[in-house]
Amino acid sequence: MKVLVTGVAGFIGMHVCQRLLARGDEIIGIDNLNDYYDVSLKEARLDQLQQHPGFRFARIDIADRVEVAKLFEQEKPQCVVHLAAQAGVRYSITNPHAYADSNLIGFVNILEGCRHANVQHLVYASSSSVYGGNTKTPFSESDRVDQPVSLYAATKKANELMAHAYSHLYGIPATGLRFFTVYGPWGRPDMAYFSFTQAILEGRSIDVFNHGQLQRDFTYIDDITEGVVRVLDKPATLDAGVPHRVFNIGNHEPVALLVFIETLEKALGRVAIKNFLPMQPGDVHATHADTIQLQEWVGFSPDTPLQKGIEKFVAWYHSRYEPANLNQGAG
């Protein structure tokens, strides 16, 4: 299968590509390699993929309508896994235009590409953030999601609506995946587990928001990858009406922030210096995925225990960032 993967130098993008390449798919990967976080980490992920003969890369910004259209016309991918987006809840408060460019304009460009190339299935990244101010847990796909508490969340909900419209108008099979706090090796430095690890090892304090009274449904990257690939292989059909589906993909077992920190401390063999702070704008108190629909559709739901996942992340972090390894390009 010929698959276009956007955001290929990203955390989830790299892992999904590795999985698809391992089973023999041909991958065209695109990314703009922006500097939202350490570009060298993105380049290192890309290096992992470029070693495979089935992988080709093009540096393209999805907000560039002309280049995206040209890519679809030249490559004619059978399927698309759209993971490129401006990530981060708090950053959307200080730099909203980046979210409009990537998450709205960029998404329209991808949808148009899928329409003109007669793509067989579009799988795209949504987010647990769409649940916003919902207080009922676990979060179910049937819950209302019209109360976003950040611009990032609003753009992700907009993506779901846009994809549904294109599925309705043009019969494009499309599936949105609401990811819940993804973590693991090669992860994003702006995520708490990554920045906490760095701070703890360097003896710096960590900021613990809402005085630690938060819960997150931490989902290990291998589980996310498994879910993406299984969903890619089973698109919605016209028999179901509009060929558009949305699924939660989370570990369905929320963990208190302080328990999470204790798990990380144990894996690192260090005690964190905690700086307790109030709730941050755009944040939510808890996330908790109901994954029954995903289980029923593809026979899978994430289940990696937090301790096991954190231990794997910490092992990777040591291999890549410990001083003895820095000059060896470890990873």
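This is a predicted model: local features need pLDDT of at least 70, side-chain atom pairs count only at pLDDT 80 or more; totals for chains, interfaces and linings use all residues.
**View 1. Lys-76, a residue other than glycine with a positive phi.** Lys-76 sits in the loop that links helix H3 (65–75) with strand E4 (79–82), and its phi is about 45°. Because its relative accessibility is 54%, Lys-76 is classed as exposed. For context, most residues other than glycine have a negative phi.

**View 2. His-252, in the loop between strands E11 and E12.** The loop that holds His-252 runs between strand E11 (244–249) and strand E12 (255–256); although His-252 is not a glycine, its phi is positive, at about 45°. With a relative accessible area of 33%, His-252 is partly exposed.

**View 3. The cis peptide bond between Thr-137 and Pro-138.** The bond that joins these two residues has an omega of about 0°, and Pro-138 is placed in the loop between strand E5 (121–127) and helix H6 (151–170). In general, most peptide bonds are trans.

**View 4. The open sheet of 7 strands, with parallel pairing.** The strands follow the order E3-E2-E1-E4-E5-E6-E11, with strand E3 (55–59) and E11 at the edges, each pairing on one side only. On average, and with direction ignored, neighbouring strands of this sheet are turned by 20° against each other. Within the sheet, strand E1 (residues 2–6) runs parallel to E4 and is joined to E4 by 4 bridges; Leu-4 has Val-80 in E4 as its bridge partner.

Key:
Residues are numbered from 1 along each chain as its sequence is written. Side-chain values use heavy atoms; hydrogens and water are left out. Helices (H or I, at least four residues) and strands (E, at least two) are DSSP runs, numbered from the N terminus. Buried means under 20% relative accessible area, exposed over 50%, partly exposed in between (1.4 Å probe, protein chains only). Two strands pair if DSSP finds at least two bridges between them. Axes are lines fitted to C-alpha atoms, for helices over the stretch in contact, and angles run from 0 to 180 degrees between N-to-C directions.
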